Amino acid sequence: MISAGCREAAEAGAAVLASGGNAADAAIAASAVQCVRELPWCGLGGDAFALVSGPDGGPEALNGAGAAPRALATASVPGGRLPRFGPLSISVPGLVDAWRRLSERHGSRPLAGLIEPAAELADEGFALDDAFARALDRVRVAVGPGDPFVAEFCEGNGSAAGDRFRLPALARTLRKISAGGPSAFYTGSLASDLVSTVDRLGGLLSAGDMAAHSCDFEPPITVRYGSADVSVTPPVSMGWVLLQQLLLYERLDGRSIDDEADRIDLMVRCKHAAFSDLAGMPRWQEASDVAAVLGEDSLDRWCSIIDGQRRSVLAPAGPATAPAAAGGNDTTCLSVADGRGLMVTFIHSLFNEFGSRVVVPGTGIVLNDRLAKQPAHLRPDGGRDRPHRPLHTLVGYHVAHRGRRMVGATPGGRGQVQTNFQVLRAMIDDGAGPQAAVAGPRWLSGAPRLPGAEDLLFLEPGFPAGLGSELARRGHTMAADGAASDSDLFGSCTVAGVNCRTGRAFGAADHRRGAALVTVTREETP
């Protein structure tokens, strides 16, 4: 079973499974196709995280985040913060090495063969959908007609939904990686082209930064929620924020709540508490600090605060008229489970739409903007000689519950931990099937890319009439209905799992952004 952010990726992964490959092989093939088909939101210039669970159920996390250039420690950056786009916003791309590490540890097929379907798709092209066409148009207008971005991606290609879109330069790059392995990307000619492009534009990424990059597997963070064990990707992922929300909700007896307004009121307050700790943790990368936030004292303190808030119903602020949210998925993901019990969730991103908007000419590579709006001087933390890896919203989860194991993820920026909170609560507390849990209407507190909207509460269509008014009465600042109808705000979940008793795979794919679910039946040969 494979669920992925686009049908082409799901079909590529399914073909690997059908031919005898395992879940890790399928995840790599599918993510490579996503780098072509979902180029505005992921790619060779981006980062990745994975959560892998073997047949024994023991999950492990792959941290595929790249580091900031070491030169930033002493660089002079006007204004004290790095720009949203451009060469100074670029960190080391981690995705390609994440493929290598996942393949070495869990794969059963050569990496080169897994990448080839993506190269073929880039060569042959595909029909643009509305989301891709809109993203392309937004960035083309923003950078201007003379920008290398236009020459690389727009010239010779259609720009409207339904038009053919080809990426022959990206196909050549994928085949270079197939032939030379990831070292071709980090130390070979591709690395040289990448570094020289960034240097020419005034960026700080060096050949040494690229050559020093490596990623590895780490223990996930696991908590008990009800009768389920929930594991998440550890820092630099925001996975622990998801766990804090779950623990606070359970501690405040949220699992026994039936009323929709009561439930959402409490869940949103748990979200505010977790995000407050995130904002106040200068050392959120440290395991000890994360453990403290998830510890008894911290949970007790927040429970007392939230109880007080709920007893004191605030005067309503009235519905707010939110500015129109900028479209764009910004991230994509996939989840896959094979017949042997191996399962992988893989989530990757350029950060903002088309990342930094810096392209490496003639390669099809667009580079990330992972350092966007970060403080200018990113020194090795605590004086230790290690590179700074910025905070990532990317989160993968693994759940073991009542004889089932599953993995999942969603795009959505800082909404990821909120969407996952709602989906997991529905599956664990209500016993909802994955597809029903994913399909239900969602809320979002604080929309991405909307300044001053940290506490603005969005409700997706489908909730009971009057719910927004009741939440406003309880003190929540509600977004206008028009903003709530933007499906880009509410994620695009992928889920895959196995029933340990029957051995049958199951999964879910979100209707919001065209995710696809493919089931594979393969005859075992003696």
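# Helices, salt bridges and a buried strand

Let's start with helix H9, residues 189-200. H9 has 12 residues and reaches 16 Å from its first C-alpha to its last. That is close to the 16 Å expected at 1.5 Å a residue. The expected span here is 1.5 Å times one less than the number of residues. Helices (H or I, at least four residues) and strands (E, at least two) are DSSP runs, numbered from the N terminus.

A word on the source. This is a predicted model, where local features need pLDDT of at least 70, side-chain atom pairs count only at pLDDT 80 or more, and totals for chains, interfaces and linings use all residues. Residues are numbered from 1 along each chain as its sequence is written, and side-chain values use heavy atoms, with hydrogens and water left out.

Back to H9. Which residues of H9 are buried? They are Leu190, Ala191, Leu194, Val195, Thr197 and Val198. Buried means under 20% relative accessible area, exposed means over 50%, and partly exposed is in between (1.4 Å probe, protein chains only).

The face turned away from the buried side carries the exposed residues Asp199 and Arg200. And what do the buried residues of H9 pack against? They pack against helix H7 (168-180), helix H8 (183-186), helix H10 (207-212) and strand E11 (359-360). Contact means heavy atoms within 4.5 Å. After H9 comes Gly202, whose phi is positive, near 100°.

Next topic: charges. How many salt bridges does a search of the whole structure find? It finds 27. A salt bridge is a side-chain nitrogen of Lys or Arg within 4 Å of a carboxyl oxygen of Asp or Glu.

Arg100 forms a salt bridge with Glu104, with the closest N and O atoms 2.8 Å apart. Both residues lie in helix H3 (residues 95-106), 4 residues apart, about one turn of the helix. Arg100 is partly exposed, with a relative accessible area of 21%. Glu104 is exposed, at 52%.

The second example is Arg301 with Asp277, a salt bridge of 3.6 Å, N to O. This pair links distant parts of the chain. Arg301 is in helix H14 (residues 296-311), Asp277 is in helix H12 (residues 260-279), and they are 24 residues apart. Arg301 is partly exposed, at 42% relative accessibility. Asp277 is buried, with a relative accessible area of 11%.

Glu470 counts as partly exposed at 21% relative accessibility, whereas Arg474 counts as buried at 15%. Salt bridges that share partners join Asp97, Arg100, Arg101, Glu104 and Asp216.

Look at Asp209, in helix H10. Asp209 is buried yet has no salt bridge. The nearest side chain of opposite charge is Arg70, 4.9 Å away. Lys and Arg count as positive, Asp and Glu as negative; His and the chain ends are not counted. Leaving out residues up to four places away in sequence, Asp209 touches Pro69, Arg70, Val92 and Leu204.

Asp25, in helix H2 (residues 23-37), is another case. Asp25 is buried and has no salt bridge, and the nearest side chain of opposite charge, Arg109, is 5.0 Å away. With the residues up to four places away in sequence left out, Asp25 touches Val16, Gly107, Ser108, Arg109 and Leu114.

Last stop: strand E9, residues 331-337. Why is E9 described as largely enclosed by the rest of the structure? Because 7 of its 7 residues are buried. In a regular strand the side chains alternate between the two faces of the sheet. In E9, both faces are covered. Thr331, Cys333, Ser335 and Ala337 are buried on one side, and Thr332, Leu334 and Val336 on the other.

Which strands pair with E9? Strand E1 (residues 2-4) pairs with E9 in the antiparallel sense, over 3 bridges. Two strands pair if DSSP finds at least two bridges between them. Ser3 stands opposite Ser335 in E9. Strand E10 (residues 343-349) also runs antiparallel to E9, joined by 7 bridges. Here Val336 stands opposite Val344 in E10. The hairpin of E9 and E10 has 5 residues between the strands, and Gly341 takes a positive phi near 95° there.
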